[in-house]
Amino acid sequence: MQAFDASSMIYAWDNYPHDQFPKLWEWMANQISEGTLQMSEVAVEEVRHKAPECNSWLRNNDFQIISVDNAILQESYRIKGLLEIEEDNYGRGVDENDLIIIATAKILNCELVTDEGFQANLPTHKYNYKIPAVCTMETVNVSWINFLRYLKRQGVIFG
């Protein structure tokens, strides 16, 4: 199972328009119906605000939304502590929703599909880590992939 971040869903929507890549979106709809592609409710909310048409497509395809429960919240607080984020003083890295999205993937033991920027050189302060950097922390250890690599790995041909 893959948990999609809003960044990847919006990336896909913007770069592979539904009208020009209908077979891709048919395949995505099939992944949704099989339950292998899901999103945290906070990621879906971000999509709703930033890409309303994509949000409508998700709703029309009965997209499974992962509810934020106590285990996910506890894990997000743990990760927040690892990043040395005090109260709501987030840096230039992850925000509260990102922590919940990462925690969701961790708790459900699934791969996170994110198009957040990869930081080859990690910032001095952990509170400036973006999603991929947080995922690869030894104490977090969440597998992640970006949308294009996800598509290539699936080996599906959209002809």
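Where is the place of Leu108? Leu108 sits in helix α6, residues 96-108. The model shown in these close-ups is predicted.

**View 1. Met1, Ile107 and Leu108 make a nonpolar surface patch.** The patch covers about 230 Å². Leu108 belongs to helix α6. Its relative accessibility is 37%, so Leu108 counts as partly exposed.

**View 2. Tyr150 pairs with Phe4 and with Trp27.** The structure has 13 aromatic pairs. Trp27 and Tyr150 form a tilted pair, 5.9 Å centre to centre, with 45° between the planes. Trp27 comes from helix α2 (residues 22-34) and Tyr150 from helix α8, so parts 123 residues apart in sequence are tied together here. Trp27 has 12% relative accessibility and therefore counts as buried. Tyr150, at 0%, is buried too. One aromatic cluster takes in Phe4, Tyr11, Tyr16, Phe21, Trp27, Phe147, Tyr150 and Phe158.

**View 3. Strand β2 is joined to β1 and to β3.** Strand β2 spans residues 37-40. Leu37 and Met39 point one way from β2, while Gln38 and Ser40 point the other way. All four of these residues are buried. In a regular strand, side chains alternate between the two faces of the sheet. Strands β1 and β2 run parallel and are joined by three bridges. Ala3 has Gln38 of β2 as its bridge partner. Strands β2 and β3 (residues 65-66) also run parallel, joined by two bridges. Here Ser40 has Ile66 of β3 as its bridge partner.

**View 4. Cys54 and Cys135 lie apart from Cys110.** The structure has zero disulfides. For Cys54, the closest cysteine sulfur is that of Cys110, 18 Å away and therefore too far for a bond. Cys54 counts as buried because its relative accessibility is 0%. Cys135 is in no disulfide either; its nearest cysteine sulfur, in Cys110, is 10 Å away. Cys135 is buried, at 1% relative accessible area.

View 5. Four salt bridges are present in the structure. Side chains of opposite charge can pair when their charged atoms come close. Arg48 is partly exposed at 40% relative accessibility, and Glu45 is partly exposed at 34%. Glu75 is buried, with a relative accessible area of 10%, whereas Arg78 is partly exposed at 34%.

**View 6. Arg153 forms a salt bridge with Glu111.** The closest N and O atoms are 2.6 Å apart. This pair links distant parts of the chain, 42 residues apart: Arg153 is in helix α8 and Glu111 in strand β4 (residues 111-113). Arg153 is partly exposed, with a relative accessible area of 45%. Glu111 counts as buried at 11% relative accessibility.

Methods. Residues are numbered from 1 along each chain as its sequence is written. This is a predicted model: local features need pLDDT of at least 70, side-chain atom pairs count only at pLDDT 80 or more; totals for chains, interfaces and linings use all residues. Side-chain values use heavy atoms; hydrogens and water are left out. Patches are made of residues with over 30% relative accessible area and no salt bridge: like charges are joined within 9 Å, nonpolar side chains (Val, Leu, Ile, Met, Phe, Trp, Tyr) within 5 Å. Accessible areas come from the Shrake-Rupley method with a 1.4 Å probe; for residues, only the protein chains shown count as cover. A salt bridge is a side-chain nitrogen of Lys or Arg within 4 Å of a carboxyl oxygen of Asp or Glu. Helices (H or I, at least four residues) and strands (E, at least two) are DSSP runs, numbered from the N terminus. Buried means under 20% relative accessible area, exposed over 50%, partly exposed in between (1.4 Å probe, protein chains only). Rings of Phe, Tyr and Trp (its six-membered ring) pair if their centres lie within 6.5 Å; planes under 30 degrees apart count as stacked, over 60 as edge-to-face and the rest as tilted. Two strands pair if DSSP finds at least two bridges between them. A disulfide is a pair of cysteine sulfur atoms within 2.5 Å.
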